[in-house]
Amino acid sequence: MILRDIYWVFWRELKKLLRQRLHILMAVVQPAVWLALMGNAMSGLTANPVAARMLGTGNYLEFMTPGVMVMTSLFGGVYGGASVLWDRRLGFLNKMLTSPLHRAAIPLGKLLALLVQSLFQVLLIAIIALLLGVHFATGLPGIVFLLLLAGLFGMIMGGISLALAARIKSHETLFAIMNFFTMPLMFTSNALYPTRAMPSWLQKIAAYNPLSFAVTPMRTVATRGWVWGDILPGLAALLVMVVLVVALAVHQFSRSVD
Amino acid sequence: MGAIIEAQELVKVFPGGIRAVDGVSFQVEEGEIFGFLGPNGAGKSTTIAMLTTLRRPTGGTARIAGLDVVRDADKVRRVIGNVSQDLAVDDDLTGYENLKLQAGFYRLPRREAEERIEEVLAMVGLTERARDLVETYSGGMRKRLDIACGLLHRPRVLFLDEPTLGLDIQTRREIWDYIRRLREEVGMTIFLTTHYMEEADSLCDRIAIIDRGKIVAIGTPEELKGRVGQEVLEFEFSSGTDEAVAAAVARIKNIPNVREVRRGSGNGYVATVVQGAQVVPALFEAIAGLEVKVGSVSLKRATLDDVFLYYTGRKIREEEGGEGAMRTRMIMRRVRGR
Ligand SMILES: Nc1ncnc2c1ncn2[C@@H]1O[C@H](COP(=O)(O)OP(=O)(O)OP(=O)(O)O)[C@@H](O)[C@H]1O
Ligand SMILES: [Mg+2]
């Protein structure tokens with residue numbers, strides 16, 4: 001029963017998403033611009049052998065691609081709660097809450113739509129990266145793995161955002177909280193530059209940054225191959241976090257949303 | 001036939017201490033159209049929110065079809081339909097998609113859903129526009145779509161919060177017709193709120209007048225009007241000293257069929273009366289011999305406006321509250337929607 005309920009919430013989100021042409025266009029253009037700009041701006045860097053060794057690859061784009069993937073799903077997820085605030089303001093949330101719809105279906109359906117959205121974006125990034133000459137060390141299975149991990153990370157952020165949106169009523173507050181975490185999360189992770197180039201205090205933070213949990217296994221798979229010792233710790237941490245965050249979001253919606 | 005809605009001493013206190021609903025008790029029989037009539041902020045929507053399981057009562061209990069709205073909330077949700085004040089239709093979907101979604105929420109089997117969607121679309125006259133985005137609908141069309149959503153699963157009890165707020169007279173009449181047909185064809189129990197007197201008067205079998213969280217009167221429109229007086233007599237003195245006028249008013253108050261006399265605007269007075277046609281000559285007899293002149297007298301049937309004034313001492317200001325509030329909401333939707 002709950003699966004059908006989730007399906008309908010998901011169906012609505014997807015319909016709405018597909019109608020937002022500009023939104024879709026941005027989803028395509030943004031990662032393309034990032035990759036093209038970053039790849040070009042930093043290409044001088046990889047000419048330096050020390051830097052190349054730190055990056056672990058002679059191609060900065062290859063280093064960057066997993067980072068851009070994770071950041072894209074980070075941004076998608078962070079604003080995931082906004083749709084709940086809209087639904088509340090327009091009275092649609094009340095419509096769902098007075099229907100027999102299972103309450104857990106609201107965050108789960110929305111989360112599923114977020115997942116589809118970030119998988120789509122990350123797939124685009126992979127395609128653009130391929131077109132820009134990035135070589136993925138593990139081929140197609142590796143790309144699928146990258147999609148799944150980026151998607152998993154997007155769900156963590158989306159789940160937190162949704163859980164907050166169940167309590168917080170104003171867009172401003174929700175965005176302020178989410179922004180407060182987004183930027184530091186990005187800059188204390190290894191998404192944009194290698195851990196080895198960081199001062200030691202930052203290295204410690206980066207090691208426990210959830211963003212790095214996603215980036216490290218992804219970068220390993222993209223540039224080095226199936227080195228499980230570097231993949232499993234991050235993967236395990238992500239899985240635990242997803243379970244916790246989704247449980248939290250479901251819990252928040254199952255309490256009365258009074 | 002037992003009561004399908006029973007509310008006992010319902011109380012809702014919001015954080016900050018606002019007693020939005022302050023000890024409300026009433027019963028609605030199956031098949032009845034029951035109206036909650038009250039001005040802005042009276043607590044109408046808050047009462048509906050408690051009856052539709054949206055908010056937990058701070059105190060008191062309520063049952064729908066014998067089910068407690070707190071303990072059996074899940075079951076209550078299957079029995080009721082709720083058309084809120086907010087025009088809660090999704091602008092980014094078509095009318096048809098809104099209904100399809102609603103059918104999904106209420107777990108209607110696919111074939112049945114399709115049939116019912118056609119049926120309710122025809123009922124609210126939106127068949128032609130069903131495939132257009134709701135974004136392109138007028139306010140009245142949105143409201144009709146929202147009502148159609150509320151009807152789709154044929155609830156035993158339908159809650160309609162301000163079903164005609166901000167609509168033009170013609171659309172308002174149409175919606176009244178739908179509501180009456182629902183009762184006649186489907187036997188649905190309808191709980192509606194309004195601050196239009198004429199609406200409550202013409203539509204409802206029974207009415208509760210609610211003001212500042214409390215029910216101040218409850219009964220059929222006829223009963224309520226009967227308590228106040230069936231008619232309203234307005235008269236005005238064109239001349240006479242203050243003492244003479246006061247004496248005249250005192251005598252008028254003593255006429256047997258006059259219930260109450262209040263000061264109106266200017267030199268005018270308003271009396272609630274029964275058998276007004278006979279009160280008019282009696283009024284002139286009563287003041288004969290006093291140094292006053294009556295400038296004008298008019299007699300009209302009592303409306304619920306008069307009833308509200310009688311019970312609360314205040315008038316309902318329909319225009320300011322109703323239309324203004326609706327318009328603000330619509331504008332907010334538009335602005336935020338972009
Ligand atoms: N979520 C809330 N938090 C605090 N106070 C609230 C809340 N919702 C309603 N109120 C207050 O409760 C009172 C009753 O509000 P309610 O919406 O029930 O009135 P209403 O009769 O439906 O009025 P209207 O005709 O404007 O719709 C008002 O004073 C309102 O300000
Ligand atoms: Mg209201």
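Colleague: Which element gives the largest share of the shell around ligand 1?
Modeller: This is a predicted model, in which local features need pLDDT of at least 70 and side-chain atom pairs count only at pLDDT 80 or more, while totals for chains, interfaces and linings use all residues. Residues are numbered from 1 along each chain as its sequence is written, chains are lettered from A and ligands numbered from 1 in the order in which they are written, and side-chain values use heavy atoms, with hydrogens and water left out. A residue belongs to the shell if one of its heavy atoms lies within 4 Å of the ligand, and helices (H or I, at least four residues) and strands (E, at least two) are DSSP runs numbered from the N terminus. With three residues, the largest share comes from H1(B).

Colleague: How many residues surround ligand 1?
Modeller: The closest are B:Asn40, B:Gly41, B:Ser45, B:Thr46 and B:Gln85. By class, the shell has five nonpolar, seven polar and three charged residues; Ala, Val, Leu, Ile, Met, Phe, Trp, Tyr, Cys and Pro count as nonpolar, Asp, Glu, Lys and Arg as charged, and the others, Gly among them, as polar. The number of residues that surround ligand 1 is 15.

Colleague: How far is an oxygen atom of ligand 1 from an N or O atom in the side chain of B:Gln85?
Modeller: Polar contacts are pairs of N or O atoms within 3.5 Å; within protein, one must be able to donate a hydrogen and the other to accept it, and residues adjacent in sequence count only if both atoms are side-chain atoms. A backbone N or O atom of B:Gly43 lies 2.9 Å from a ligand oxygen, and for the side chain of B:Ser45 the value is 2.7 Å. For the side chain of B:Gln85, the distance is 2.7 Å.

Colleague: What percentage of ligand 1's accessible area does the protein cover?
Modeller: Accessible areas come from the Shrake-Rupley method with a 1.4 Å probe; for residues, only the protein chains shown count as cover. Of the 630 Å² that ligand 1 has on its own, the protein covers 67%.

Colleague: How many salt bridges cross the interface of chain B and chain A?
Modeller: The contact (heavy atoms within 4.5 Å) takes 34 residues from chain B and 25 residues from chain A. A salt bridge is a side-chain nitrogen of Lys or Arg within 4 Å of a carboxyl oxygen of Asp or Glu. One of them joins A:Arg12 and B:Asp90, with the closest N and O atoms 2.6 Å apart. Across the interface, the number is seven.

Colleague: Which helix gives the most to the side of chain B that touches chain A?
Modeller: Between the two chains, eleven residue pairs are in polar contact, both residues at pLDDT 80 or more. Elements supplying at least two residues to this side of chain B include helix H2 (73-79) and helix H12 (318-337). With seven residues, the most comes from H3(B).
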